[in-house]
Structures are given as structure tokens and as C-alpha cells.
Amino acid sequence: MSDQCSELVLYVNGKPHTLTLDHRATVLDVLREDLGLTGAKKGCDHGQCGACTVLVDGRRANSCLLLAVAQDGRRITTVEGLAEGERLHPLQEAFLERDALQCGYCTPGQICSAVGVLAEAADGFPSHVTPPGTGSGAPVELTDDEIRERMSGNLCRCGAYPRIVEAVGDVSARAGTASWTSGGPAGQGVASQC
């Protein structure tokens with residue numbers, strides 16, 4: 001093993017993966033190139049579009065900005081890991097029911113981000129539009145404005161935003177803001193050369 005590589009364990013979609021990776025490899029590149037999980041997309045490669053959004057220990061993150069070696073021992077959930085067997089995650093179902101996608105490129109990141117939004121609201125994390133009088137730590141009601149604000153880091157070049165807000169709102173209304181979780185790209189990634 002070279003001094004530019006390290007061995008680490010990533011728990012991806014509930015399964016441990018022991019990998020020897022270049023220190024420059026991002027989580028996005030490891031998911032796509034080493035593990036064959038292509039749901040997370042490389043859009044901007046700068047953390048600005050949200051196409052690469054995954055959940056890291058239950059919190060949403062732009063995987064293009066995360067160095068894989070810094071995630072040793074962490075639990076990463078991609079869109080492929082949200083379903084339980086043949087049963088789709090409620091957000092996946094809602095996106096289909098509401099036709100909340102067009103080309104589909106951003107959809108995996110949108111769905112992972114929405115899972116994070118539901119969890120954040122249930123845990124009482126305020127957003128920029130959360131009313132100031134909301135009790136600290138109390139669940140935040142996911143109004144359309146809250147959903148738009150919280151999902152603003154995920155871009156849809158096709159403009160499916162109204163349907164995305166409706167899909168997230170549907171799941172929020174059914175769950176009462178409780179979270180439900182389970183266990184043409186720009187730039188070039190660093191392939192594992194170890």
C-alpha cells in the first residue's frame with residue numbers, strides 16, 4: 001500500500017465494504033467507480049447542484065465534496081439503499097405518483113435530500129423560513145415554503161420543482177413529518193489507483 005492510499009471500511013446501504021483508496025478519491029467516485037452504485041450522479045462536481053446527494057449517518061451530504069478516507073466507519077445510504085426489498089421508499093413512490101421527474105438525472109439526489117429533509121424537520125432543525133416562534137427542538141411543519149427552502153440545494157434543470165414539492169409534502173403529511181429511513185458530468189474523478 002502506497003503512502004497515498006489508505007484502507008478503510010464504508011458501510012454502504014447496510015453492507016460493509018473494506019477498500020484501499022487513494023486519499024483524493026471522493027465518496028461519489030468510490031460509489032460509482034468502485035462499488036458500481038450509479039444512482040448518485042456527478043453533475044457539477046462542486047457541491048452546487050445536489051445530484052450526488054446521499055445520506056451519511058442519516059444526514060444528507062454532497063458526496064462529490066466528501067473525501068472517502070474521512071468517512072471511515074460511516075454509514076452511507078444511496079438511492080439504491082432506500083427501498084426495502086421490492087417495496088419502494090415512500091418518497092420513491094410519491095415521486096412516481098406525482099410525476100416529480102422529467103429526465104431523471106437529478107431524481108436520486110432529490111429523493112435522498114428529501115429523506116434528509118423529513119428527518120431534519122422531525123428532529124426540529126429550523127430553516128431560514130421557519131417561523132421564529134417555533135419551539136426549539138420541536139418538529140417543524142413542512143409547508144410548501146419549508147420544503148422549497150430545504151430542497152433549494154438540489155437543482156432540477158427540467159423544472160420539476162412544483163411536483164417535487166408536492167411529493168415531499170405528500171409523504172410529510174402521511175408521516176406527520178416523521179422520518180422513514182433504512183439502514184454528462186462535469187470534471188473527472190480520481191479513480192482508485194491503489
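Buried here means under 20% relative accessible area, exposed means over 50%, and partly exposed lies in between (1.4 Å probe, protein chains only). The structure is a predicted model, in which local features need pLDDT of at least 70, side-chain atom pairs count only at pLDDT 80 or more, and totals for chains, interfaces and linings use all residues. Residues are numbered from 1 along each chain as its sequence is written, and side-chain values use heavy atoms, with hydrogens and water left out.

The protein has 194 residues, of which 44% count as buried. It holds 5 helices and 5 strands. Both are DSSP runs, numbered from the N terminus: helices are H or I runs of at least four residues, and strands are E runs of at least two. From the N terminus on, the order of elements is β-β-α-β-β-β-α-α-α-α.

Strand pairing was examined next. Two strands pair if DSSP finds at least two bridges between them. Strand 1 (residues 5-12) and strand 2 (residues 15-22) run antiparallel and are joined by 8 bridges. Val-12 has Lys-15 of strand 2 as its bridge partner. The hairpin of these strands has 2 residues between them, and Asn-13 there takes a positive phi near 50°. Strand 1 also pairs with strand 5 (residues 75-77), in the parallel sense, over 2 bridges. On that side, Val-12 stands opposite Ile-76.

Nonpolar cores were then traced. A nonpolar core is a set of buried Ala, Val, Leu, Ile, Met, Phe, Trp, Tyr and Cys residues joined through side-chain atoms within 4.5 Å. In soluble globular proteins, nonpolar side chains tend to be buried together. The largest core here has 26 residues, and Leu-82, Leu-91, Phe-95, Ile-164 and Val-168 touch the most other members. Helix 2 (90-97), helix 3 (107-122) and helix 5 (161-175) each supply at least two residues of this core. Helix 3 gives the largest share, 7 residues. Apart from this core lies another, of 21 residues, including Leu-8, Leu-28, Leu-66 and Ala-68.

A contact means heavy atoms within 4.5 Å. Val-168 touches Leu-91, Phe-95, Ala-114 and Ile-147, not counting residues up to four places away in sequence. Leu-91 and Phe-95 are among the buried residues of helix 2, together with Pro-90, Gln-92 and Ala-94. The buried residues of helix 2 pack against helix 3 and helix 5. Just after helix 2, Asp-99 takes a positive phi of about 55°.

A salt bridge is a side-chain nitrogen of Lys or Arg within 4 Å of a carboxyl oxygen of Asp or Glu. The count comes to 14 salt bridges. Side chains of opposite charge can pair when their charged atoms come close.

Asp-22 is buried, with a relative accessible area of 2%. Arg-24 is partly exposed, at 49%.

A second salt bridge joins Asp-123 and Arg-59 (3.0 Å, N to O). Asp-123 lies in the loop between helix 3 and helix 4 (144-150), and Arg-59 lies in strand 4 (residues 59-62), so the pair ties together parts that are 64 residues apart in sequence. Asp-123 is partly exposed, with a relative accessible area of 40%. Arg-59 is also partly exposed, with a value of 31%.

Asp-145 is partly exposed, with a relative accessible area of 46%. Arg-148 counts as partly exposed, at 44%. Elsewhere, salt bridges that share partners join Arg-60, Glu-120, Glu-146 and Arg-150 into one network.

Charges also meet rings. A charge sits over a ring if NZ of Lys or CZ of Arg is within 6 Å of the ring centre and within 35 degrees of the ring normal. The charged end of Arg-59 sits over the ring of Phe-125, 4.4 Å from its centre. Arg-75 lies over the face of Tyr-11, at 4.6 Å from the ring centre.
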